[in-house]
Amino acid sequence: MGRVLLALGAMTLTLGMSVFLFFYFKYARLIDEKLSAGPFTNTSMVFAAPRLVSLGDEATPIEIVAALRASGYSESRATRMGTYTMRPDSLEIYPGPDSYFKQEAAVLKFQDGKVSQIISLRDNTERTQYTLEPELITNLFDRNREKRRLVRFEDIPPLLVHAVISAEDKRFFQHAGFDPLRILKAAYVDVREGYRAQGASTLSMQVARMFWLDQKKTLNRKAAEALITMELERKLTKEQIFEYYANQVDLGRRGSFAIRGFGEASLAYFGKDLSQLTVAEAATLAGLIQRPSFTNPYRWPNRAVARRNVILSLMHDNGYINDREYAVAEAAPLVMAKGGMESTDAPYFVDIVNDDLQDRFQDHDFQAHTYRVYSTLDMNLQREAAEAVRLGMKEVDERLKRRFKGYGTTVPDAQVALAALDARTGEVKALVGGRNYGVSQLNHVLARRQPGSSFKPFVYAAALNTALGGAGAPITAVTHVLDEPTTFWFDGKPYEPHNHYRDFYGSVTLRQALAKSMNIPAVKVAEMAGYENVARLARNAGLGSIQPTPAIALGAYEVTPLDIAGAYTIFSNHGIYAKPYYVKSIRDERGDVIFDARPVSRQVLDPRVAYLVTDLMEEVLRTGTGAGVRGRGFVLPAAGKTGTSHDGWFAGFTSKLICVVWVGFDDNRELDLEGAYSALPIWAEFMKRAHRYREYASVHGFVAPDGIVTVEVDPVTGELAAPGCPNTRGEVFIAGSQPQEICRLHGGHGATTQVAGWESPEPAPAPAEPSAPRANAGFPRIAQAAPAQPPAAKEQPPAPQPRRKGFFGKIRDMFK
């Protein structure tokens, strides 16, 4: 009997060992396969445009290091992107084999908070500038819409490591994968409470579940978890296990994305690199691990703070922080990243890039391979755009509440879009497609809406273009049109647009009509130019859906904010259309270039006409519907145009940047807030912020091309100014189209002409304010008209403001 029992015991032991070894080697093979292939899903990375550092820039070594780390650099020499060595007053930078640039290493020295010296380590010579590695915007999200930023263990600050192990596994670096003391304590607590009140999983066990098992709590899964944990502890160091954990742990959601790992969470919640986290912020992230949705700091700040303080207490008990550090961290307010994902991840921009990649590179799987996509985005401008939108939409919300107060209706949140382009190349430098990506992923930069009066510059461009034809009287900035109630007929149908508040101004010049955004004159100017000519110009400038009808003059045909931004390049770029683009180059896993952008551009408008229209749009900001820009503190040379349809628009530019802002409702209901009070404040705030950066600070005035003349005219008659004219102004014309007759009303002689590129190098100084327009100037009512009745563009013309007198006005004053 004893022998039988012994034999059965041996057989049972042998069978048990066989089963154990079978599953052990099974999971060992699975572990090897996972680790050899890489535990994380390969996805492509999207980088911003490179950042330039120049002598005299305000910066510190810590700030530059944060930018380098965001680009993938570290202090480890094993990092392929690049490495750095930081000293108290200097920073050594060594680009690696995966660097965007094939440039030399350099030393940046700092003094009094500024870059004081840049030395190339190739030949030990000084430089005035150095280009930093492009910053990583984000990894393209995978098919599960998970986002992570991979970090190495050496990149994780000790305070975060201490916060995590204090919260999850305080003996992690001492045990062999299992913590017997914790298991016994958990069993005791469970028995005492009568239910499973405390877990005993170590970080190693959690890693086993994360990568190789599902989350079902069964006996088989627990056995598999134990086998995998044993093998992980055998194959990997503690630092490697922690690194896998730090990159895979679920830390909640931002918008429609799941946040995986501390690298992504640090940016999503605090807008910081891991190296910049405070003790309180590290404890907040560690506090998310157990219940990330319940303690989400954006949704439940009080819960997040309470859990943070528990972690801080554990860190203090474990000796990782002293009494003072504990008190300071516990009292610290919870400060989240301003602008949320819009400023850190640029999600709307990344969506556009992702769609563009899928459309144009269908043979490449960007979600399964690690391509490096280098974009045009300027992260400094992106952050400023997000902040300008945040501040501006707060103002819009307040205005809408006041406007709808007393109606007993709930005002929905208005939406917003902002697109900023390089004024010369069309590169997209900043893009915000909505006020909150988490609430709505609809990209309003690509939403088609009526642009209202922001389209009018194309009408005036087509009209001023007639000065090049030589047939008939040219249309110029001093051409008069009659602003009065008018019925237009088109295809046998009447069209009766009107001005906002139904005010009419009589005989006005083109300059006055555009500055004050008058609708009747705009339709008349479109008719004079030819509706087909206006539509052809718009289509050549990238506005493809425009039809040749009277309604074209008031921006009745739908376009996107990005379309308008691209179309405005013909004014900022001397008549050349530069198609907006987002991707500059793409490299594969080996670093080979598979795509280099070739920007699309074409001459659409004569440079002289582009300058004339720009000059008229400068008037919009001086005395017209865009004068609020100056009142908000943006004083650099700029041109622009407000727009109001159902929505509010502002489109404008400097010599460096074009920016277009749209504000409206998703359901296309009436915003009932003019562009001057909805979109303009956002535009002004962004442009003020953007032009503080060195790359955009050297804005210059718009220079007249050859063939532009400046003459003194009487604004009432549009003729050459005479000594007796009470008011004169300098006006710009295409050479040969300027008036030839002396003012009939005031007589005399003495007008002068200045020709840009010939007699004078630049246009005349800022013109004087024209006198009040003369009514009933003899223009008949025009009988043509339009199809349906689109909503009239509504602009509130501000009161005229005093302007400087012209040269001849000053001469007359001397003889008074």
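Modeller: The model is a predicted one. The protein has 25 helices and 29 strands. Of its 816 residues, 56% are buried. Among contacts between residues at least 6 apart in sequence, 70% join residues at least 24 apart.

Helix 15 covers residues 456–464, and it packs against helix 21, residues 607–623, at an angle of about 135° with the axes 9 Å apart. An angle over 145° would count as roughly antiparallel. Helix 15 and helix 21 are therefore oblique to each other. The crossing of helix 15 with helix 21 is right-handed. On the helix 15 side, the contact is made by Pro 457, Tyr 460, Ala 461 and Leu 464. Facing them from helix 21 are Val 609, Leu 612, Val 613, Leu 616 and Met 617. Sorted by class, this contact has 9 nonpolar residues, with no polar and no charged ones.

Phe 47 and Tyr 374 are both buried.

Phe 458 lies in helix 15, while Tyr 568 lies in the loop between helix 19 (561–567) and helix 20 (569–572), so the pair ties together parts that are 110 residues apart in sequence. Phe 458 has a relative accessibility of 0% and therefore counts as buried. Tyr 568 is buried as well, with a relative accessible area of 0%. Phe 458 and Tyr 568 belong to a cluster linked by ring pairs, which also includes Phe 455, Phe 571, Phe 653 and Phe 702.

Helix 14 (residues 379–404) and helix 23 (residues 675–690) pack at about 150°, with their axes 8 Å apart. That angle makes helix 14 roughly antiparallel to helix 23. Their crossing is right-handed. The contact includes Leu 381, Glu 384, Ala 385 and Arg 399 from helix 14, and among the residues they meet in helix 23 are Tyr 677, Glu 685, Phe 686 and Arg 689. By class, the contact of helix 14 with helix 23 has 12 nonpolar, 2 polar and 6 charged residues. The contact of helix 15 with helix 21, as given above, has no polar and no charged residues.

Burial can also be followed along a whole helix. In helix 9 (residues 279–287), 9 of the 9 residues are buried, so the helix is largely enclosed by the rest of the structure. The buried residues include Glu 281 and Thr 284, along with Val 279, Leu 285 and Gly 287. Their cover includes helix 3 (158–168), strand 11 (250–254), helix 8 (262–270), helix 10 (301–317) and helix 11 (323–331).

The loop between helix 9 and helix 10 holds Ile 289 and Ser 293. Ile 289 has 10% relative accessibility and so counts as buried. Leaving aside neighbours within four places in sequence, Ile 289 is in contact with Val 164, Glu 168, Tyr 245, Val 249, Asp 250, Leu 251 and Phe 262. Val 164 is 125 residues from Ile 289 along the chain, and their C-alpha atoms are separated by 8.6 Å. Ser 293, at 52% relative accessibility, counts as exposed.

Key
Residues numbered from 1 in each chain as written. Predicted model: local features only at pLDDT ≥ 70, side-chain atom pairs only at ≥ 80, totals over all residues. Heavy atoms only, no water. Axes fitted to C-alpha atoms, helices over the stretch in contact; angles between N-to-C directions. Helix = DSSP H or I, 4+ residues; strand = E, 2+ residues; numbered from the N terminus. Parallel < 35°, antiparallel > 145°, perpendicular 65-115°, else oblique. Left-handed = near helix turned anticlockwise from the far one by under 90°. Contact = heavy atoms within 4.5 Å. Nonpolar A, V, L, I, M, F, W, Y, C, P; charged D, E, K, R; others polar. Buried < 20%, exposed > 50% of the residue type's maximum accessible area, 1.4 Å probe, protein only. Phe/Tyr/Trp six-rings, centres within 6.5 Å; stacked < 30°, edge-to-face > 60°.
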